[in-house]
Every structure is written in C-alpha cells, then in structure tokens.
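Have a look at the structure first, then work through the points by topic.

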Amino acid sequence: MLLALSGWLEWRLLDGTLSYYLHPRFNLLVALTALTLTFLGGWLMWRQIVAPSRQRLVSLSVVLPVALVAVIGLVVVPRPLSNIGGAAESKSAAGLANGSVNRAMSEVVQKQDWNNPARLDTAKWSLLDWSAALNNPQRAALLVGSTVDVTGFVVQPANQNGRAFLLARYVVVCCTADSTALRLPVVTARNAELEEGQWVRVRGVVVQGASGSPGFSATSLEPVAQPAQPYIYP
Amino acid sequence: MTKKRSTPAKSSHNGSFHPYPIQPERPSLHLPASLIQTLEAPPVAAYPDSLNVDLLLKFKAASKPDLKIEARPAGEPGKIVSRALPVSLIALSGLTAWLMGKVSFQNFWNISLGLLIEVIPFLLSGAILAALIAPLRPGDLKIWKLATRNRANATVTALGMGLLLPVCECGTASIARQANRAGAPAGMSIVFLLAAPILNPVTLLVTYLAFQGDWLIILGRAGLALVVALTVGLILSWYPRPNELFVPAATPGAGPDDHDGHHHAGPPVHDRLHPAADSEAAPAHRPGAAGFNNFLERAAREFMEALRVVLPGISLAAAFQACVPSHYFLDLGQGALFSAVALMLLAGLMSICSSADAFVALSFAGLLPTGSILAFLVFGPLINLKSIFLFRLVLTWRAIGLLALLCFSLVLVAAVFFNYWLA
C-alpha cells in the first residue's frame, strides 16, 4: 500500500499533473514524501521476503482505506478543476474575485506604475493582473484601449446575449481547496463557436461596457491546449 | 515488561497528579472471585471502549497468574457504527457532489485528492516523529518525570513541544497519542494537540510572511492560540474521569495495534497478556537492525492509521468546497459577532492546513474585522473537518465534542472582544 501511494505521488510529479492539485512550491515536499514512502514500503516488503511473518502490521480496517486512496489516486484520471463549480460560482458579473486572491490582486496592482499608464506592459498581464487592475473603476478607465493577450477557459454566462463569454482561470494559493475562479467578460462575434470549458488565447483591447463594467473586446481568438499549469499561482 | 506492568500504582506517574486515576468501579487488584469469572465471560456490552487492557494485566499478574484473559472487541452495534460512520460520511460526501452535477463531482475528486496530497507529507512526518518517540521509554527519563509531575510542568512541556516540533494539525495526533501511551497527563496531551498546530515554527513563519510583519495578527494568533490551548487543557485536566477522554489506543501502555478505538484480540494484545510472548511482542527497545525495523513498522502503522481516520474529514471538506460557494458565509457574516461566527465556520469546513491558511486569511483583511480574521486563524487549525477525525486517534467522541465546544466559545468571545476593542 505504501509503495502504491508513493507510486501515485511520483507519477503525478513526473507527469506534471501534481499542479492540478497543489501549488508547485510543494513539489519538493511531495517528492521527499514519495521517496520516504518508497523506502518505508520497500523496507517492509523486503523484510517480509527475507523473514516472512504471519503477524499483521495493521488490521484490514486500516489497510482497506489506504488501499482505496492508492487505487483512486492511481486510477482517477487527473483533471484540473472544472470550469465553474460551486466554489467558483460566486463572483460578481465582472468576475472580480472576493475570495482568497484579494491580497494577491492588491500586490499585483502595487507592482505597477500607475502614474504612467501608457508605459504599462499590459500585453504580458495574466488574468490575475487584469482582474486586479480592473477591480477599481479609476484604474479601469485608465486602461481602456490597452492591449490584451491572455489565456483562459471559456465560461458561457447563464444570461448570455450571444456576443460575450467569460474568460476564466483559477487562482490557487496552496491547494485546490482554496481555489478561486477569476472571470472577465470578452466580447466577440465568434462566441457561438466556443465550447464551455474550452481553452482560448484572447488578443484584443480593454473596453468599457454599456453598464460601465470593464471587459475585453477580442480581435483574435485562438483555441489552445490546456496549459501545463492550468492555475495561476500568486 | 510484565513485571513493570504488575506495579500499576507506580506506573509512569510519580507525584501528586495522576492523569489516569484508576476508577473505583473498574476491576482492581482486590476483585472478588465472582468478578474474575465475570471477566472471563462477560456480556460483550460490559466492556466499554475505555476498558484498559493494562488493568487486566495488572489484575492477572497480581492475583491469577495462570488466568488467560483475552481482550474482547467492542460490542457489535458500537463496532458497526464506528466502522460504518466514516464510510457513510465519505459516501454521503461523494453522493452530494454527484447530485450537484458533473462539474461539482469532478471538482469534488480534484479537491479530495488535492487535500490528500497536501496532508500526506504532514501525516508522515507526524508518524515518523511518533515512531521516534515510542522506544524512548520517556517514563524512565528524569526529564519526563519532571515534565509530568504537575499540571504546570505538563502544560509548559506541551507548549514547548508545540513550539519546537514543526508539525501542523495533521501530525500532532500521532505524537499526542504516543505521548499519551507513555503516560502523559491528560492536560498535557490536550494542550499539545491544541497548541502545536498554531505555535509550531512553520505556521508562525508563514503567518509572518503572509501578513508581512503585521504583529497584531501574528502575535494575536499565537497569543490567542496559547490562551485557548491552556484554558481548554486546564479545564479538561480537571475532568473527573480523564481516561474517559481518551480512546484505549491512546491510554498509557496501550500497544500500537490497539487502534480503531478498540482493543483487538490478536498477537500484540495477546502477547502483552502472556509474558512468554513478550520478547516477540515488544521488540521496540532492541538495538540495531531490529530496532530500526521496529521504528519503520511503527511509522508505517501510525501513518496508515492517521491516513485512514482523516479520510472522512477530507471528503466532507471537499464536498463543501465543491458544492457550497464560500461567499455565502461571507455575505451572511457581517458585524462583530456574525463575521467571527461565519469565518470560524468557514475555517472549520474548509479544513485548510495551518501552514497555509494565513494566505487565505489575508484575503479577508480589510473586508472583515481583525478579530474575525484572528478567529479564522485560530479556530480553523484547532477544529476542522480533518482534525476532528484525526483527534479520534487520541480522543473519544465525547472529548472531541467538549473540545470543539470549548474552543468555539473561547475563540468567539476573544474575537468579538477584539472586534469591539479595535473598532
């Protein structure tokens, strides 16, 4: 069981899907854990081969749940958080988070030189940067017309008018238990071509909607593969 | 080993404060013969969870050396409930997520596995530390005798352990159980269980980094955790029947196989009841390769048990995360009192590791009062869906309920006080 558990952790580390669950800063810790479990399981197995003992190390009621964890870990196909689950359904229309990323957003904002908006390199901003910047109406007004080049997945709003979708991405501070979905509206004539959950790269400019809420107007929409790291890690 | 056990009054506690007083209604060295027969063939329900096999050992050694006493499993209904409850909770969590739709169900799996991967390193480190402590025979050490001499010493020792050991709440239960087996007073184990998740160096450092030197939060978190741990520890150390607070597997002298909250009949317990088998059953103190092998076996056993008990909590937390938007709590929680209650409930349900929750708490800074943020930071690591189940390694459900109630009350009062004081 220990070897199966370590195999699961090592597999996820090696195929890169550990980041579907956890911030990459934990990779080293998980690697050490997997090695320790391998050693522990290997040693106990070797002992059993060298000096077989009929005495159980633990009872079946302990082994079965651990086995269940190992089997589920190995069998369940790793998937990142699905587009909009209950945890992410919360945010306001503009998708500006009020969850576990507020601090990260304020840090992002503080890093920029707002005295000279024309010099901001907005083409390199992620959805976190944009969410942080557009969170404030004054800053949003300054950014109208700025260049946008962001990647995220498609969320079709419930009350869609056919011209806009929400570009979304999760922010994970520690593990997916603290995830928060960021969403910003994108206006495009090609909305009907897009599928729910599809990853796209959006190029365009910032616009201010009729209601005054900021969003993107897409000049180019490019379907892309899901990134190796599907979340934003502040 | 058996000779040592045959002198119960001096077991591992020297001094005025005995954490596990022998209950007068329980069998003692002076039991009548009729009761000896009762012990041999009792109705199953006559053996409560807290019946200590050591008591039988003492009794056997002193009065009936040839008497064969086998540890009996708990009553069937209790056994079925205790086994079915975790499975039912896991199934209920999965079913709830499934009923909420495909997306919620996928996210339930993702968050469950995420939490699992996150806790495994900490459970393993706790198990390794517990396995390291086990063969030390702390009861024989002068420093241990000094530490467990009275409530004050025991409390200070527990706080010191919490400050020094870099384990979050996932690792503390295994260590507390091992300390308990070595005869730690009730208050000591509880203070350690409550203090270590917050006062450990990793959590304090992360809180410092997350709040970037906001000493009100950093010292407030440490101070409030200290006060809560001490208060709850002292209150429970005066509990009239302290051994009712702990599961048999965590009582002094309990063996590593006395898991599941019950003593199982089987080689380890049997060996402890039959001196001839002691050399096989208790090789923990052997030097060299055998000692190392024992250490690894203990670590593996502790780890697997901790992983088993944490599963229901993880699945409940994942179901909550996947199905209930956290903003519902935040929208409801406004004002000095309700914001504290909302954040405490949120912290308990989210079950975020204490080494990372400071980053999550940061997001509430500016939105909610400081006292409520402190409540989130203190109550969450103490009582959450994960830790409640992990506490089962050490405590009975009654004790866990008492602990949760006391922690909730104390943290809430402190949070509301802070909210008004800082307003």
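Let's start with a lysine: Lys386(B) sits in helix α19 of chain B, which covers residues 385–390. Keep in mind that this is a predicted model.

**A lysine on the inside**
- Lys386(B) has a relative accessibility of 0%, so it counts as buried.
- Setting aside neighbours within four places in sequence, Lys386(B) touches Val119(B), Glu169(B), Cys170(B), Val310(B), Gly313(B), Ile314(B), Ser351(B), Ile352(B) and Cys353(B).

**Cysteines**
- Over all chains, the count of disulfides is 0.
- Cys175(A) is buried, at 1% relative accessible area.
- Cys323(B) is buried too, with a value of 10%.

**Salt bridges**
- You'll find 9 salt bridges over all chains.
- One of them joins the side chains of Asp149(A) and Arg203(A), at 3.8 Å from N to O.
- That pair ties together distant parts of the chain: Asp149(A) belongs to strand β1 (residues 147–155) and Arg203(A) to strand β4 (residues 199–208) of chain A, 54 residues apart.
- Arg203(A) is partly exposed, given its relative accessibility of 28%.
- In chain B, Arg241(B) and Glu244(B) pair up at 2.8 Å, N to O, and Arg241(B) is partly exposed at 29% relative accessible area.
- Glu244(B) also bridges to Arg398(B), at 2.9 Å from N to O.
- This second link spans 154 residues, from Glu244(B) in the loop between α11 (215–237) and α12 (267–273) to Arg398(B) in helix α20 (residues 397–422) of chain B.

**Aromatic rings**
- There are 20 aromatic pairs over all chains.
- Among them, Tyr208(B) and Trp215(B) make a tilted pair, with centres 5.5 Å apart and 50 degrees between the planes.
- Both partners are partly exposed: Tyr208(B) has 37% relative accessible area, and Trp215(B) has 48% relative accessibility.
- Phe418(B) and Trp421(B) have ring centres 6.1 Å apart and planes at 55 degrees, so this pair is tilted as well.
- Those two residues lie 3 residues apart in helix α20 of chain B, which means about one helical turn separates them.
- Phe418(B) is buried at 16% relative accessible area, while Trp421(B) is exposed at 56% relative accessibility.
- Ring pairs also gather Phe39(A), Trp43(A), Trp46(A), Phe292(B) and Phe295(B) into a cluster.
- Finally, Arg12(A) lies over the face of Trp11(A), 4.6 Å from the ring centre.

Notes. Residues numbered from 1 in each chain as written. Chains lettered and ligands numbered in written order. Predicted model: local features only at pLDDT ≥ 70, side-chain atom pairs only at ≥ 80, totals over all residues. Heavy atoms only, no water. Helix = DSSP H or I, 4+ residues; strand = E, 2+ residues; numbered from the N terminus. Buried < 20%, exposed > 50% of the residue type's maximum accessible area, 1.4 Å probe, protein only. Contact = heavy atoms within 4.5 Å. Disulfide = S-S within 2.5 Å. Salt bridge = Lys/Arg side-chain N within 4 Å of Asp/Glu carboxyl O. Phe/Tyr/Trp six-rings, centres within 6.5 Å; stacked < 30°, edge-to-face > 60°. Lys NZ or Arg CZ within 6 Å of the ring centre and 35° of its normal.
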